[in-house]
Amino acid sequence: MGEHPVDGCRREIQEETGYDADIGAMLGIDVGHWPGEERLDGSGRDFQAIRLVYEASITGGELTHEIDGSTTHAAWVPLGKVPGLNRVSLVDIGLRLLSERPVNGKLQTP
């Protein structure tokens, strides 16, 4: 509680990949909404997320897989192979934010 988003980003990178990272510029903000009937966990409750997307640079650590967490596998993948991966929508959002760099942090609907 009370964790700054930059510190949370650094912590999540470490927990989910094993890497230490410096957090750079904020690329933007994504808002997600999942109605209860679409939730994979079967909870039946609506879920809304505000996701802050940052640039980051790896500074140390070693690539590892998170155990008993939300990430099943972490790996380095060439950007050209990303479209062929089974991935969450936030990957594409992050790549668009990196490419488009909207001044206000909000992507326009394609």
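In this predicted model, a salt bridge of 2.8 Å, N to O, joins the side chains of Glu-3 and Arg-11, the term denoting a side-chain nitrogen of Lys or Arg within 4 Å of a carboxyl oxygen of Asp or Glu. Arg-11 and Glu-15 both belong to helix α1 (residues 5-17), where they stand 4 residues apart, about one turn of the helix; helices (H or I, at least four residues) and strands (E, at least two) are DSSP runs numbered from the N terminus.

The relative accessible area is 40% for Glu-3, 32% for Arg-11, 30% for Glu-12 and 38% for Glu-15. Each of these residues is described as partly exposed, that is, between buried (under 20% relative accessible area) and exposed (over 50%), with a 1.4 Å probe and protein chains only. The structure holds 8 salt bridges.

Arg-51 lies in strand β2 (residues 47-61), and its side chain is joined to that of Asp-30 by a polar contact of 2.6 Å, meaning a pair of N or O atoms within 3.5 Å, of which, within protein, one must be able to donate a hydrogen and the other to accept it, residues adjacent in sequence counting only if both atoms are side-chain atoms. When residues up to four places away in sequence are not counted, Arg-51 touches Gly-28, Ile-29, Asp-30, Trp-34, Ser-89, Leu-90 and Ile-93, contact being heavy atoms within 4.5 Å.

Residues are numbered from 1 along each chain as its sequence is written, and side-chain values use heavy atoms, with hydrogens and water left out. As the model is predicted, local features need pLDDT of at least 70 and side-chain atom pairs count only at pLDDT 80 or more, while totals for chains, interfaces and linings use all residues.
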